[in-house]
Amino acid sequence: EQAFRTAGEALVDAWRTADGTDVPGTDQPSPLDWQLAELSVHTWDLARALGQATTGLDPEVAERGLAFMQANLTTDNRGGVFAAEQPAPPGADAYTRIAAFAGREV
């Protein structure tokens, strides 16, 4: 439990100090945007599994994660982790759109 708490606190500290820019001196994207993409997709996964809507969640988190994924996740680098982009229904919220982009059937 202590190791999990320590890692969680380190992650929160990193978010607080991150400025959202790319990692200087590398071609690596912002770790904050990477985290937001991960959190958004898996939040949608969890909400769907629990039969809950994502419409009440902060859309900025998913929008920023989606922008990151659209800029960095290509057909060539999806590998075995991401299926091909799926269509999102018209008017879908940001969490549903990022899930569809990540290959989830929404």
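How are helix 2 and helix 3 oriented relative to each other? They are roughly perpendicular to each other. The legends below describe this and other details of a predicted model.

**Figure 1. Overview of the protein chain, which has four helices and zero strands.** Along the sequence the elements follow the pattern α-α-α-α. The protein chain has 106 residues, of which 28% count as buried. Among contacts between residues at least 6 apart in sequence, 58% join residues at least 24 apart.

**Figure 2. Helix 2 against helix 3.** The two helices pack at an angle of about 115°, with their axes 8 Å apart. Angles of 65 to 115 degrees count as roughly perpendicular, and helix 2 and helix 3 are therefore described that way. Their crossing is left-handed. On the helix 2 side, the contact is made by L32, D33, W34, L36, A37, S40 and V41. Helix 3 contributes V61, A62, R64, G65, F68 and M69. By class, the contact of helix 2 with helix 3 has nine nonpolar, two polar and two charged residues.

**Figure 3. The side chains of D33 and R64.** D33 lies in helix 2, which covers residues 31–50. The side chain of D33 makes a polar contact with the side chain of R64, at 2.3 Å. D33 counts as buried because its relative accessibility is 13%, and the cut-off for buried is under 20%. Both D33 of helix 2 and R64 of helix 3 also belong to the contact between these helices.

**Figure 4. Helix 3 beside helix 4.** Helix 3 spans residues 59–72 and helix 4 spans residues 94–101. They pack at an angle of about 25°, and their axes are 8 Å apart. Angles under 35 degrees count as roughly parallel, and so helix 3 and helix 4 are roughly parallel to each other. The crossing of helix 3 and helix 4 is left-handed. In helix 3, the residues that meet helix 4 are P59, V61, A62, E63, G65, L66, M69 and Q70. Their partners in helix 4 are A94, Y95, R97, I98 and F101. The residues of this contact divide into nine nonpolar, two polar and two charged.

**Figure 5. Helix 2 across helix 4.** Here the angle is about 100°, and the axes of helix 2 and helix 4 are 9 Å apart. The two helices are therefore roughly perpendicular to each other. A37, S40, V41, T43 and W44 of helix 2 make the contact with Y95, T96, I98 and A99 of helix 4. The contact of helix 2 with helix 4 has six nonpolar, three polar and no charged residues.

**Figure 6. S40 and the residues around it.** S40 is placed in helix 2. Its relative accessible area is 0%, so S40 is buried. Not counting residues up to four places away in sequence, S40 touches V61, A62, Y95 and I98. S40 is listed in the contact of helix 2 with helix 3, and also in the contact of helix 2 with helix 4.

**Figure 7. Helix 4 and what covers it.** Helix 4 is mostly covered, with seven of its eight residues buried. These buried residues are A94, Y95, T96, I98, A99, A100 and F101. Helix 2 and helix 3 are included in what covers them. Helix 4 is followed by G103, which has a positive phi, near 100°.

**Figure 8. R48 and its contacts.** R48 lies in helix 2. With a relative accessible area of 47%, R48 is partly exposed. Leaving aside neighbours within four places in sequence, R48 is in contact with E105 and V106. From R48 to T96 the C-alpha to C-alpha distance is 9.8 Å, and these two residues are 48 residues apart in sequence.

**Figure 9. S30 in the loop between helix 1 and helix 2.** Helix 1 covers residues 2–17, and S30 has its place in the loop between helix 1 and helix 2. S30 counts as buried, at 2% relative accessibility. S30 and F68 are 38 residues apart along the chain, and their C-alpha atoms are separated by 8.7 Å.

Technical notes
Residues numbered from 1 in each chain as written. Predicted model: local features only at pLDDT ≥ 70, side-chain atom pairs only at ≥ 80, totals over all residues. Heavy atoms only, no water. Axes fitted to C-alpha atoms, helices over the stretch in contact; angles between N-to-C directions. Parallel < 35°, antiparallel > 145°, perpendicular 65-115°, else oblique. Left-handed = near helix turned anticlockwise from the far one by under 90°. Contact = heavy atoms within 4.5 Å. Nonpolar A, V, L, I, M, F, W, Y, C, P; charged D, E, K, R; others polar. Buried < 20%, exposed > 50% of the residue type's maximum accessible area, 1.4 Å probe, protein only. Polar contact = N/O pair within 3.5 Å; in protein donor to acceptor, adjacent residues only side chain to side chain.
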